[in-house]
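This report covers a pocket and a set of salt bridges. Please keep the structure in view while reading.

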Amino acid sequence: MEEAGSRKGEAKKTGLEGTGLSLPGSSHGNLRSAGSDQQLKQTLDSLKSSRSPAVINYGASWCRVCSQILPSFCKFSNEFKNLTFIYADIDECPDTTQNIRYTPTFHFYRDGEKVDEMLGTGEERLHDRLWLHS
């Protein structure tokens with residue numbers, strides 16, 4: 001009974017924290033997550049005005065494949081320091097991600113424009129795509 005009462009006071013975790021995964025412990029200075037439609041819209045707006053390259057990982061906390069690639073995505077955020085990495089959970093951003101039909105989906109941005117898309121997973125495949133866009 002006490003446990004249920006204490007959970008009511010806890011805030012719902014969103015974004016990377018909401019995945020429940022143990023992610024690599026590095027700083028991830030260039031990795032952000034969008035935990036709401038408003039946050040994702042702001043992120044997309046800032047990408048459009050930015051000149052720096054970026055990648056958005058659209059995933060879902062219930063998606064097994066997403067859970068498999070997310071630790072690598074986090075690890076790569078430390079390797080490719082000139083790319084901005086963003087994680088967006090499609091369930092937390094339903095309005096902004098309504099055109100995402102497959103998880104995980106990776107969108108690559110350069111000079112504010114989406115220039116590439118990768119569906120699915122594969123650590124080496126993702127690494128190569130990140131290298132190409134960095």
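## The largest pocket

The largest pocket holds about 190 Å³ of space. The model is predicted. Leu44, Lys48, Tyr58, Thr96, Thr97, Asn99, Ile100, His107, Tyr109 and Lys114 line the largest pocket. Two or more lining residues come from each of α2 (37-49) and β4 (105-110).

Four of its residues are nonpolar, four are polar and two are charged.

## Salt bridges across the chain

The structure holds four salt bridges. One of them joins the side chains of Glu123 and Lys75, at 2.7 Å from N to O. This pair connects distant parts of the chain: Glu123 sits in helix α4 (residues 123-133), Lys75 in helix α3 (residues 64-79), and 48 residues separate them. Glu123 has 39% relative accessibility. Lys75 has a relative accessible area of 40%.

Arg129 and Asp116 form another salt bridge, with the closest N and O atoms 3.1 Å apart. Here helix α4, which carries Arg129, is linked to strand β5 (residues 113-119), which carries Asp116; the two residues are 13 apart in the chain.

## A salt bridge at the pocket lining

Lys114 is one of the residues lining the largest pocket. Lys114 also forms a salt bridge with Glu117, where the closest N and O atoms are 3.9 Å apart. Lys114 is partly exposed, at 43% relative accessibility. Glu117 is partly exposed too, at 38%.

How values were computed: Residues are numbered from 1 along each chain as its sequence is written. This is a predicted model: local features need pLDDT of at least 70, side-chain atom pairs count only at pLDDT 80 or more; totals for chains, interfaces and linings use all residues. Side-chain values use heavy atoms; hydrogens and water are left out. On a 1 Å grid over the protein atoms alone, a cavity is a set of points where a 1.4 Å probe fits but cannot get out, and a pocket is an open set with protein on both sides within 12 Å along at least five of seven lines; lining residues have an atom within 4 Å of a point. Grid points are joined across faces, edges and corners, and a volume is the space filled by probe spheres set on the points. Helices (H or I, at least four residues) and strands (E, at least two) are DSSP runs, numbered from the N terminus. Ala, Val, Leu, Ile, Met, Phe, Trp, Tyr, Cys and Pro count as nonpolar, Asp, Glu, Lys and Arg as charged, and the others, Gly among them, as polar. Buried means under 20% relative accessible area, exposed over 50%, partly exposed in between (1.4 Å probe, protein chains only).
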